[in-house]
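Have the coordinates open while you read.

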Amino acid sequence: MSYQAPVKDMLFDIEHLANIEEIASIPGFEDAGLETAQAVLEECARFNEGVVAPLNHEADKTPSSLAGNQVTTSKGFKEAFKQYAEGGWQGLQHPADFGGQGLPKTIGAACGEILNAANLSFALCPLLTDGAIEALLTAGSDELKATYLEKLVSGEWTGTMNLTEPQAGSDLALVRTRAEPQPDGTYRVFGTKIFITYGEHDMADNIVHLVLARVQGAPEGVKGISLFVVPKFMVGKDGALGDRNDVYCVSIEHKMGIKASPTAVLQFGDHGGAVGYLVGEENRGLEYMFIMMNAARYAVGVQGIAVSDRAYQKAVAYAKERVQSRPVDGSVKGSATIIHHPDVRRMLMTMRALTEGCRAMATTAAAAYDAAHHHPDPAVREQNQAFYEFMVPLVKGYSTESSLEVTNLGVQVHGGMGFIEETGAAQYYRDAKILTIYEGTTAIQANDLVGRKTTRDGGQAAKAIAAQVEKTEQALAASGSADAKAVAGHLAEARQAFLDVVGFMVENGKADPNAAYAGSVPYLMLTGNLVAGWQLGRSLLAAEQALKAGQDQAFMQAKIATARFYAEHILTRARATRDAIVGGAQSVMALPMDAF
């Protein structure tokens, strides 16, 4: 089954939830209205459906390979990446000053979903490059920007993020890679980094590694970490590539999923030291790296939506062609396609509702990012920044955890054939698993949501979101339709469950942190559940208005049905989650350590 980008659904969200015409009123985005969004998404769909998506299944079977220190990517990747770069896709939402197109994140995120749905392993290379660009734009010196940004934005060079070491997974206080200052202002970098996505490959002329390391004499812990640019090939003053730097790939991982993406172990400094260039100031590396991390966390959430949509499309196609058993209602005399069976329809609707809910949430967050970074009014920027920061752990955590549920259901819809690799359904399930792990596990996102986003301000940001949800409930109730009233009722119950847990987190965050953090992941899931349901409630209102205007009846009715299904089958999970967090917090820590 070939991939078809859900352009119509994306444009619906961009128009009605992100309010793209309001974004287009921001200085610098005047040409980025709905018409531009449609043109860009349709061209993005054409490229990815025709060039990138056909490589996905075969690349899973014949992944990247290492010979010596050289990685050869899967067949077709190098040529596809060349076309990707030449099409200007890498620079879509980066500044025109460095050769980008300067489009809003609201449009760029939708294109990111299309690319990731087409081929998750391939899309990881541009994703990491985006993060490197963001870090250099924020903290790089004028010289570093002049040397690297234009080539990264054009896609001629690619970027990586080097955090993890064998002894330091998510605990970056344990980083041991060292950087020795040199008389010419450069540094010599020594150490080993693991799990480096596209740390070595053959798709670009140079790879720009952003590396966390400790300068001699730096404070212990995270306060003593600095950030360095370490290029694969040295770059001359004229921009030409020179000698190979002292950084080499010594192995690539053999993974459960995303097999075509080379995940490298990189060795720095075995031959005298890799030349590195300090980004910003010494000992502020973690602060700068979090710029990359936050960009990547949102992007990984979009990956979850992407793989969910790919799994849903495949499951629907299979359910429409697979003949198996007589329908329980007798509507067909003999065996029928399995889409007639109610449990298959339940699974498909769950897949659809979760995917569309997460897409709506991510699109709304992208619009907040655009306003936070570009709106001329400081108060509007501040308000949207607070909203976006609250949303990032939800987009990352809820969307990726949901992708496991969706891709699991995709295998189940296929039955025994889903367990067979040749059908392709299993690949999405395997690929999705990494999304809940890298760029910070779900627990790390949840701890951030509890500590930084909920308890730090006494729950004020969370309560502000609840107030916005309540306004949507009121609009739904006033609509008059049975669908809108049903969604309003379930939203109200979920919102109250959310507020109950916010109160519990604020009360116990410091007094009994084990009780609070034992429920951090369930709290994240409850919050994502509510916010996605809220956005689908807004979708329902927009679809009802479109129906009254005579627009695309089948599509709008499907939007309404999906919102109601989400409310009745998924929003209702909030009550049980609330009860487990508030009522069962102590039982998590009850078992003695030596009993495990």
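Before we get to the linings, a word on classes: Ala, Val, Leu, Ile, Met, Phe, Trp, Tyr, Cys and Pro count as nonpolar, Asp, Glu, Lys and Arg as charged, and the others, Gly among them, as polar. Keep in mind, too, that this is a predicted model.

**The overall picture**

The chain has 19 helices and 12 strands. Its C-alpha trace spans about 80 × 60 × 55 Å along the principal axes. Is the radius of gyration what you'd expect from a compact globule, or something else? For 596 residues such a globule would come out near 25 Å, and the chain has 24 Å, so the two agree. Buried residues account for 56% of the 596 residues. As for contacts between residues at least 6 apart in sequence, 74% of them join residues at least 24 apart.

**The cavities**

Rolling a probe the size of a water molecule over the atoms shows where empty space is left. Here that gives two cavities of 30 Å³ or more. The largest cavity holds about 110 Å³ of space. Its lining has 13 residues, and those closest to the centre are Ala109, Ala110, Glu113, Arg359 and Thr363. Which elements give two or more residues to that lining? They are α1 (7-16), α6 (105-118), α9 (285-321) and α10 (342-374).

The second largest cavity has about 50 Å³ of space. Asn56, Asn116, Ala117, Asn119, Leu120, Val307, Arg310, Tyr428 and Asp431 line the second largest cavity. Here α6, α9 and α12 (425-433) each supply at least two lining residues.

**The second largest pocket**

The second largest pocket has a volume of about 700 Å³. Its lining takes in 28 residues, with Ala368, Gln383, Asn384, Phe387 and Gln468 nearest the centre. At least two lining residues come from each of α2 (20-23), α10, α11 (378-414), α14 (460-479) and α17 (520-548). Which of these gives the largest share of the lining? That's α14, with seven residues.

| Space | Volume | Lining by class |
|---|---|---|
| Largest cavity | about 110 Å³ | nine nonpolar, two polar, two charged residues |
| Second largest cavity | about 50 Å³ | four nonpolar, three polar, two charged residues |
| Second largest pocket | about 700 Å³ | 17 nonpolar, eight polar, three charged residues |

**A stop at Thr186**

Now for that loop residue. Thr186 lies in the loop between β4 (178-181) and β5 (187-197). Is Thr186 buried or exposed? Its relative accessibility is 12%, and buried means under 20%, so Thr186 counts as buried.

What does Thr186 touch once its neighbours within four places in sequence are left aside? The contacts are Glu180, Pro181, Val275, Gly276 and Tyr277. There's also a polar contact of 2.6 Å between the side chains of Thr186 and Asp184. For a sense of distance, take Gly257: it sits 71 residues from Thr186 in sequence, and the two C-alpha atoms are 38 Å apart in space.

Terms used
Residues are numbered from 1 along each chain as its sequence is written. This is a predicted model: local features need pLDDT of at least 70, side-chain atom pairs count only at pLDDT 80 or more; totals for chains, interfaces and linings use all residues. Side-chain values use heavy atoms; hydrogens and water are left out. Helices (H or I, at least four residues) and strands (E, at least two) are DSSP runs, numbered from the N terminus. Buried means under 20% relative accessible area, exposed over 50%, partly exposed in between (1.4 Å probe, protein chains only). Contact means heavy atoms within 4.5 Å. A polar contact is a pair of N or O atoms within 3.5 Å; within protein, one must be able to donate a hydrogen and the other to accept it, and residues adjacent in sequence count only if both atoms are side-chain atoms. On a 1 Å grid over the protein atoms alone, a cavity is a set of points where a 1.4 Å probe fits but cannot get out, and a pocket is an open set with protein on both sides within 12 Å along at least five of seven lines; lining residues have an atom within 4 Å of a point. Grid points are joined across faces, edges and corners, and a volume is the space filled by probe spheres set on the points. The radius of gyration is taken over C-alpha atoms; the globule rule is 2.2 Å times the number of residues to the power 0.38.
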